[in-house]
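This briefing goes through a single protein model, topic by topic. Please keep the sequence and the coordinates at hand while reading.

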Amino acid sequence: MKFDVVVVGAGVAGLYASYQLASMGWKVALIESKPAGRIGDKVCGDAIGVHHFEEIELTPPSYTIDHQYKGVKIYSPSGKHSIIVPGEGVSVNRIKFGQWLLEQGLKHGVTLLDQHVVTDVVFKDNQLKALRVKRVGGETIEVEARAFIDASGYRPAIRSKLPPEWPIAERPYTTDYNIAYREVVKVDKPIEPGEVDYAIIYLNIEIAPGGYWWLFPKNREGDVLNIGLGVINNGKYNPRAQYDKYLRPVFKGEILHAGGGVVPTRRPLPTLVWRNIASIGDAAYTVNPVHGGGIGSSLLSARIVSKYLNSALESGRADEHTMWQANIDYNIAYGAKQAGLDILRMYMQKLSNEDYEWIMENKIVDGSSVYDLGTKGDLAEKIVHGVTTFIRLLGRPSLLNELRIVRNYMNKARELYTTKYPEKPDGIYSWMKQVEDLFNEYATRIGFDRGSLVKW
């Protein structure tokens, strides 16, 4: 079987990329391990800011949206203090949204190979020539293409089989992942009416060490809730056990959906493209490192990569040289922010409940500051300088010094992904060393154990 493009993985990134490329006139195959009717069925928080849809000019039909939010409400560990972060968002119905995206792709000629998994890769002339894919319980076939997109999630089906010296094959550290468990529950007792308008996050390291637990309403009545938690992947915590111990006794009712997952909470890959291969979505680590949201950034990475892959195919040469601008565009739009937030994430994973409680009780940050942090990845000057005297008066000068260190490294990380990012592929290896040196230096300075490199 021969195609122009083969996309592996039918999550939102893979679905959107295959639809985009097929609509541009290319012959596209989409490989997915699930049966067609289950495409879109994924465990996650389901929430996304509407600005993500606006940025890529995508308007999902209303039946794919379960609920709308006015913003995010963040609670301190005690629950006594909160911050409201403004910003319209929605709770998507993941399976309906996924099925709708699939339908758009099929209408434009995408060939779906559902219930197939990648078993091996075939190289020719230092490029990827074909994938060997096996139907579940069936035969193995070889699928050739001019270009390939890995959208297969946190355990990448293509990237994990590439030569390790290729920068697109970079492996993460174990602590670059959070592991999560969540349930959608029709609860016996609805939440308070005033809470229904917000996606609610609780900072409590006893319940969610190295992460947070969430309560996202799925309807106006407040009796269908997406409830879950994420914990740092350091081998010490089990998110299902944490859920059973702390959340299940509180939220009793009918379980509508349940499951766990792994979330890459770090900066993006050094490059989204290499040779005739691209990577998008979770496979490219496009998730926001601090709040773990990944639907919007996955769609964004798919949009950008599809644009430059289309141009490369038209030129007759799909490789890192013809697609390099995809990296620069993605870094400007989202990747540089991720790099800065990766620095912040490592710091936040070392904070205690007492730290969170003190910060929120004394209003060290407000909703607008958190919004700016989430949208720009910038630890704003007003947070660091504007509270200097206040922090000293309250007897926490160490916190001020820590914030200065974090701000400094966040700025350095963002700079590496913008003005210092290589203009051409030739500079990628020396740039990668600069990034690794910066993160190692920072981890040592704050005493953060990065864990070990993940083994594919």
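The model is predicted.

**Loop residues with positive phi**

- Asp-46 is not a glycine, yet its phi is positive, at about 75°.
- Asp-46 counts as buried because its relative accessible area of 5% falls under the 20% cut-off.
- Asp-125 is likewise not a glycine and has a positive phi, of about 55°.
- The loop that holds Asp-125 runs between strand 7 (116-124) and strand 8 (127-135).
- Asp-125 is exposed because its relative accessible area is 69%, and the cut-off for exposed is over 50%.

- Eight strands form an open sheet with mixed pairing, in the order 3-5-4-11-12-13-10-14.
- Strand 3 and strand 14 (253-264) are the edge strands; each has a single partner strand, so one side of each lacks a neighbour in the sheet.
- From one strand to the next, the twist averages 30°.
- Ile-201 has Trp-214 of strand 12 opposite.

**Nonpolar cores**

- The largest nonpolar core has 125 residues, and the members that touch the most other members are Val-6, Leu-131, Ile-149, Leu-299, Leu-309 and Tyr-442.
- Apart from neighbours within four places in sequence, Leu-309 contacts Val-5, Leu-21, Ala-147, Ile-149, Ala-318 and Met-323.

**Tyr-442**

- Tyr-442 belongs to helix 13 (residues 428-446).
- Tyr-442 counts as buried because its relative accessibility is 0%.
- With residues up to four places away in sequence not counted, Tyr-442 touches Ile-343, Met-346, Tyr-347, Ile-405, Val-406 and Tyr-409.
- Tyr-442 and Glu-88 are 354 residues apart along the chain, and 34 Å separates their C-alpha atoms.

Definitions and conventions
Residues are numbered from 1 along each chain as its sequence is written. This is a predicted model: local features need pLDDT of at least 70, side-chain atom pairs count only at pLDDT 80 or more; totals for chains, interfaces and linings use all residues. Side-chain values use heavy atoms; hydrogens and water are left out. Helices (H or I, at least four residues) and strands (E, at least two) are DSSP runs, numbered from the N terminus. Buried means under 20% relative accessible area, exposed over 50%, partly exposed in between (1.4 Å probe, protein chains only). Contact means heavy atoms within 4.5 Å. Two strands pair if DSSP finds at least two bridges between them. Axes are lines fitted to C-alpha atoms, for helices over the stretch in contact, and angles run from 0 to 180 degrees between N-to-C directions. A nonpolar core is a set of buried Ala, Val, Leu, Ile, Met, Phe, Trp, Tyr and Cys residues joined through side-chain atoms within 4.5 Å.
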